[in-house]
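Hello,

Here is the structure I promised to pass on. Please look it over first, then read my notes below.

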Amino acid sequence: MQVGGKMAETQWTLESPQDVDNFLSNTKLYPPQPSCKLSFHYKPSDEQWDKILEKVFRYLSNDGTLQLELCQGVDNAVLLKTELKLCGFTDIVVEDSSVEKKTVWTARKPNCDFGVSMNIGNSTTASTHSGGNTRTNNETVQLWTQLSQMEQDDLVDESTLVEWNDAKENGVEKSASACGAGGKGRKPCANCTCGKAEKQITVKFSKTAMSLTESVAPSSSACGNCYRGDAFRCAGCPYLGLPPFKPGEKVDFSAQLQQADI
Amino acid sequence: MTLDGRGMRLLYATETGTAAELAQLAAEHFAKYVTSLKVVEISEYDYTQLPSEDLVLFIVSTTGDGEVPQDMRKFWRFLLRKDLPTNSLSQVQYAVFGLGDSSYVKFNAAARKLDKRLVDLGAIAVLPVKLGDEQEQSGLEGALEDWLNQLTKKLKLELSPSHNTTSSTLYYRVIESNDHWKPVKDKPIDKWVAGECRAVHQQSFWEAKVLSNELLVAADCEHEVRQISLSIPSTSITYKPGDVVYIYPKNSKLETEKFLQCMGYDPNRVLEVERRNDIAPALNVNCPCTLASLVASQFDLYALPRRTFFRKLAKFATDPEERDKLLHFASPQGSDDFHQYVTIERHNILMCLRDFPSARPCVEDLMQFLPPLRPRPFSIASSPTYHSDRLEVCVSIVKYQDCFGFLRQGLCSSFLKRSSCGDIIPVFIKEGSLKFPKVTDPRPLIMIGPGTGVSPFRSYLWECFASTQSQNGQEEKPLRMLFFGCRYEHQDFLYKEEWEALKRANILSELYTAFSRDGIQKVYVQHRIREQAKKITEWIKHDDGVVLVAGSAKQMPQDIRQTLQDILGDEIESPKYVQKMEALGRFQVECWS
C-alpha cells in the first residue's frame with residue numbers, strides 16, 4: 001500500500017482483498033483530504049465496493065474528488081455508478097482508455113449537506129466546543145472525531161441514568177435446576193405403565209448409579225414413548241437422559257456415562 | 001416515518017453470543033423488506049459517525065453487575081462524556097432492545113442506561129426501550145419478535161417484491177472439492193491455519209502454540225483449575241495487564257464423531273465453504289478442509305438450541321410426530337416444554353439431533369442454522385514484561401452434574417484441559433474493562449480477586465515487579481493490598497508462592513486470604529475486607545486509593561460493593577461516594593459468568 005505523493009492527493013494501489021482490508025482499517029487515521037485516487041488491480045466483491053466507497057466518501061472533505069482507476073477487466077459500470085450515487089457522490093464521469101488499458105472514474109463529493117439542518121436542542125448543559133447550537137450532521141461527526149482523539153475522564157455518572165429500587169422484590173424466582181421443579185415440568189403419559197415414582201428415578205441416577213452397567217431390555221412400554229428420546233418421554237420415564245432406542249434393543253446405560261476424552 | 005433509502009444500522013453488544021444471535025434473527029427479519037440493514041458488532045463500529053446515521057437499532061445485553069458488555073465499554077465511555085453537545089444526536093432515530101433477566105435487581109441495566117443517554121443526547125426514539133426477559137414465558141426470542149413486528153409497523157416497511165417467503169437466507173455455500181484427499185501417514189492434510197477469512201469479531205487472529213498445561217490446584221481438588229501457557233509468535237503482538245485473550249476452542253474428537261455418525265455424514269469429505277451473506281458469522285477455515293475438521297472447529301455442538309433451531313430443523317423431519325414436536329418447541333404454546341427440555345434439562349444441539357432421528361438435513365442445509373463456535377474470553381494472568389514472550393491464562397474447568405445425574409462439561413474449558421504442548425490454538429487479544437493505574441502511580445491500590453478472578457492482578461503485580469527491577473527500589477513503592485479467596489488453603493490457593501515472593505520484593509504490601517471451607521464458619525473475602533475497614537478507609541479517603549474487583553459474576557460484585565459502602569461511611573453518604581469513585585475509575589469491577 002502506498003500513501004502520499006502529490007500535494008493534497010492521497011493514492012492507494014490495491015492489488016488484493018488484503019490490501020483493501022489494510023486500506024479500510026487505516027483511513028481513519030488520516031484527516032479529511034480534498035482528493036483521493038484509488039488504483040484497483042483486481043475486482044473487489046460487491047460488499048467490498050460498498051465499504052470502500054462509503055469510507056472514501058467520509059474521508060473526503062466537502063467538494064473533494066475521487067478518482068478510481070480500474071485495470072482492464074475490472075469493470076462493473078452499472079453497479080459502480082449506482083454505488084457511487086448511493087454514497088452521495090455527484091458528477092460521476094467515466095473515461096475508457098484503451099491505450100493505457102484502464103478505465104478511470106471520477107466523482108465529486110458535494111459541498112452542501114443534503115439540506116439537513118440541526119434543531120436547536122434543549123441543551124441544559126453548556127457545550128464547551130461549539131459556538132452556538134446550530135450544527136450540521138457532518139460537523140457533529142467531525143466534532144466527535146476530534147473529541148475521540150482526546151482522553152476524557154469527566155463522564156456522566158451512569159448510575160444516575162436509571163433509578164434502581166434495590167429493595168424491590170422482583171417476585172420472580174430464578175428457576176432451580178431441579179428436574180420438574182415449579183410444577184411446570186414433564187407430565188406423565190396418560191397410559192404410562194413404566195413410570196416409577198420420581199423418588200426412585202433420583203436414586204437411580206444418583207452418583208452411585210454411575211457404576212450401573214447392566215442393560216435393561218425394555219419389554220414393553222404402554223405409552224410407547226420410552227423409545228423415542230427425551231422430547232417424547234414423560235415425567236416418570238426411567239430412560240430420561242438416554243438417547244432413543246429401538247423396542248427390544250438392549251439399552252446400555254454405561255455408554256451414556258462414558259465421557260468425552262478428557 | 002420513512003427512511004430516505006440510506007438504510008438502517010443494527011448495532012449489537014454481546015457478552016456470551018446471545019445478543020449476536022438475536023441480531024442475526026433481526027437481520028433475517030429485515031431482509032424481507034425494502035431496506036438494507038447493516039449489522040455491526042458494536043466494538044467494530046466507528047462511533048464518531050453516530051450523529052450522521054438515519055436510524056440505528058441497538059441490541060444490547062447486560063452483564064456482570066448491571067454493566068454494559070465488555071465489547072461496548074469503549075463506545076459507552078465515549079457516549080458518557082460530558083463534553084458531547086446535548087443535541088448531537090437530534091437527527092438520529094433509534095430503538096433499543098435489551099437482553100435481561102428479571103431475577104436480577106439491575107434488570108436490563110445496560111439497555112435502559114443506553115436508552116436514557118441517547119435521549120439525553122437528543123436522539124429520537126422510534127419505540128420505547130424493549131426489555132427482553134429470560135424469565136418470561138416466551139423468553140428473549142418472543143420479546144424480539146414483538147419488537148421487530150412493532151418496528152416494522154412503525155416504520156411502515158414494505159415487503160420486498162423479490163422476497164420469496166419460502167426461501168431462507170443462504171449464509172454459506174458449500175463447494176465440493178474435486179480431489180478426495182487421503183491422510184498421508186497419520187498427518188491430516190488440512191490443518192488449522194489462521195486463514196484469509198476474518199474472525200467473528202473481525203479481528204485477525206494469530207496462532208498460539210501451547211507451551212504448557214499445568215494443574216494449579218491439588219490433584220484431589222474437586223474444582224480443577226489449570227494454567228495454560230501460550231507462545232506469542234511475533235513481537236508486534238503486545239498486551240497489558242487487564243487485557244483479555246479470546247480463545248477458539250474445538251469440539252472433542254469423540255463428540256465430533258458422534259455428530260458425524262448421528263447425522264450420517266462422511267468425515268473425510270473435502271469441501272470449501274463460501275460465506276454468502278454479510279450477517280452470517282464468519283467461519284475460520286483454511287479452505288478446503290475435511291468435514292470432520294470443519295465440524296470440530298466451526299460449530300458449537302454443546303450450544304443450547306434456540307427456538308429458531310427447532311423451527312428450521314422441523315422442515316427436515318420426515319416423521320410427522322417429530323416434526324410436530326419440533327414445531328411445538330418453537331411455538332409460544334410450547335414454551336413450557338421448551339423451557340423444560342432446553343433450559344432445565346439442558347439438551348444441547350448434539351443431543352437434540354440425536355433425539356430427532358428423522359430430521360437429517362444434508363450438511364449444506366444444516367450449516368445454515370448450526371450455531372457457530374464463538375471464541376471464549378479469558379483474563380490474561382501473565383505480565384508482558386516479566387513473562388516476556390508468553391501468555392498465560394488461568395482456566396477453571398467446568399464440570400457439573402445435570403438433572404439426570406450425568407456428568408456435563410464446558411466445551412472450551414475441556415478443550416483447554418486436554419490441550420498438549422505443541423497444539424496450535426487461534427487466539428486474539430482485546431482490551432479488558434479493567435484500567436490499571438500506571439506502574440509508577442503512587443496511589444494505594446486495593447485488589448479483590450477471589451478464585452480465578454486473581455488473574456489480572458497477577459498480571460499487574462508481575463508487571464510492576466519487572467518494571468521496578470531497573471530502578472534500584474530506593475523510592476517508596478506504592479501500597480498494594482490483595483484479597484484472595486478460595487475453598488481450601490492446601491487445595492486451591494492459586495499462586496501461593498508467587499504472592500509470597502512479590503511480598504518479599506515489596507511489590508505487594510499486604511495479602512489477605514479467605515479459605516471458605518477450612519474452618520467451621522464460612523469465610524469469604526468480604527469478611528476480610530471488613531476486618532481491614534480502617535486501613536481501607538484511610539487508603540481510599542485520605543490517599544485517593546483505587547479499588548479493583550475481578551471474578552465470576554453472581555453475587556460477588558454486589559456483595560463487595562455493599563461491603564465497601566458499609567465500611568466507608570453512613571448509609572446515605574457512602575453509596576454516593578462509591579458512585580463517584582466509579583465515575584472517576586477508582587472503583588472498577590470486571591466480572592464474567
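The domain bounds used here come from an automatic or database domain assignment. The model itself is predicted. In chain B the assignment gives domain 1 (8-166), domain 2 (184-206 + 241-367) and domain 3 (445-592).

Domains 1 and 3

I looked at how domain 1 of chain B meets domain 3 of chain B. Their C-alpha centres lie 35 Å apart. Five residues from domain 1 of chain B and seven residues from domain 3 of chain B make the contact. About 540 Å² is buried between these two domains. Carbon and sulfur atoms give 37% of that area. How many salt bridges cross this interface? The rule finds zero.

Salt bridges

Over all chains, the whole structure has 39 salt bridges. One of them pairs B:Asp71 with B:Lys430. Their closest N and O atoms are 3.0 Å apart. B:Asp71 sits in the loop between strand E3 (55-61) and helix H2 (73-79) of chain B, while B:Lys430 belongs to strand E17 (residues 424-430) of chain B, so the pair ties together parts 359 residues apart in sequence.

A helix pair

Next come helix H17 (residues 533-542) and helix H18 (residues 556-568), both of chain B. Their axes come within 9 Å and cross at roughly 85°. An angle of 65 to 115 degrees counts as roughly perpendicular, so H17(B) is roughly perpendicular to H18(B). H17(B) brings B:Ala533, B:Ile536, B:Thr537, B:Ile540 and B:Lys541 to the contact. H18(B) brings B:Leu564, B:Ile567 and B:Leu568. By type, the contact residues are six nonpolar, one polar and one charged.

Best wishes

Definitions and conventions: Residues numbered from 1 in each chain as written. Chains lettered and ligands numbered in written order. Predicted model: local features only at pLDDT ≥ 70, side-chain atom pairs only at ≥ 80, totals over all residues. Heavy atoms only, no water. Axes fitted to C-alpha atoms, helices over the stretch in contact; angles between N-to-C directions. Helix = DSSP H or I, 4+ residues; strand = E, 2+ residues; numbered from the N terminus. Parallel < 35°, antiparallel > 145°, perpendicular 65-115°, else oblique. Contact = heavy atoms within 4.5 Å. Nonpolar A, V, L, I, M, F, W, Y, C, P; charged D, E, K, R; others polar. Buried area = accessible area lost by both parts, 1.4 Å probe. Salt bridge = Lys/Arg side-chain N within 4 Å of Asp/Glu carboxyl O.
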